[in-house]
Amino acid sequence: MKSAIDVARYFLCRVDREAGDTISPLKLQKLVYYAQAWSLVFRSQPLFDGDIEAWVSGPVVRDVWNEYKAYKYKDIPAPDNFEKEFEEDELEVLEEVWNAYGELSAKHLVELTHSEMPWLNARKGLEPAEKSTKIISHEDMKSYYAPFVEA
């Protein structure tokens, strides 16, 4: 199984920097979250091990946060020498996520995740600005996103 860092690096390699596109840690977190969610829907299994926490800013994978937190709100450069091999079904999920969410801004992705049941459920009972490490469940992700495919 791949790590959340592998998934993050995949997205960092997809950014078209020559066209002026950029990616911040905030946006990266949301893409990694959606990759996990859609893997649960399309593959019926997680893309990576590790929990996704319901932070004030939306879904966060702590390993990815630790890896890129030094960039704060700045753009993350492309990784050096990233050659992780993904299975075909994993690549399909990653490409679907990139095509659906890659052009959206970090702010838009935050607003989107804040309006969706998995994050809302994990934050139930918390104040809007209250810090939390509550876990967004795989069951909530799969049950929320699956109907969008069937529709």
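The model is predicted, so local features need pLDDT of at least 70 and side-chain atom pairs pLDDT 80 or more, while totals for chains, interfaces and linings use all residues. Residues are numbered from 1 along each chain as its sequence is written, and side-chain values use heavy atoms, without hydrogens and water.

**Stop 1: helix 2 and helix 5**

Select residues 25-42 for helix 2 and residues 106-114 for helix 5. Helices here are DSSP runs of H or I with at least four residues, strands are runs of E with at least two, and both are numbered from the N terminus. The two helices pack at an angle of about 45 degrees, with axes 8 Å apart; axes are lines fitted to C-alpha atoms over the stretch in contact, and angles run from 0 to 180 degrees between N-to-C directions. Their crossing is left-handed, meaning that the near helix is turned anticlockwise from the far one by less than a right angle.

Now show the side chains. Helix 2 brings Leu-26, Lys-27, Lys-30, Leu-31, Tyr-33 and Tyr-34 to the contact, and helix 5 brings Ala-106, Leu-109, Val-110, Leu-112 and Thr-113 (contact: heavy atoms within 4.5 Å).

**Stop 2: Ser-24**

Step back to Ser-24, in the loop between helix 1 (4-14) and helix 2. Ser-24 is buried, at 14% relative accessibility (buried is under 20% relative accessible area, exposed over 50%, partly exposed in between, with a 1.4 Å probe and protein chains only). Beyond residues up to four places away in sequence, Ser-24 touches Tyr-73, Lys-74, Ile-76 and Ala-106. Draw a C-alpha to C-alpha distance from Ser-24 to Lys-74: 5.7 Å, for residues 50 apart in sequence.

**Stop 3: Asp-6**

Next, pick Asp-6 in helix 1. Asp-6 is buried too, with a relative accessible area of 10%. Leaving aside neighbours within four places in sequence, its contacts are Phe-82, Lys-84 and Phe-86.

**Stop 4: the aromatic rings**

The whole structure has 14 aromatic pairs (rings of Phe, Tyr and Trp, the last by its six-membered ring, with centres within 6.5 Å; planes under 30 degrees apart are stacked, over 60 edge-to-face, the rest tilted). Select Trp-55 and Trp-65: their centres are 5.3 Å apart and their planes at 65 degrees, so this pair is edge-to-face. Trp-55 sits in strand 1 (residues 53-55) and Trp-65 in helix 3 (residues 62-68). Trp-55 is buried at 17%, whereas Trp-65 is partly exposed at 32%.

Finish with one aromatic cluster: Tyr-33, Tyr-34, Trp-38, Phe-42, Tyr-101, Tyr-144, Tyr-145 and Phe-148.
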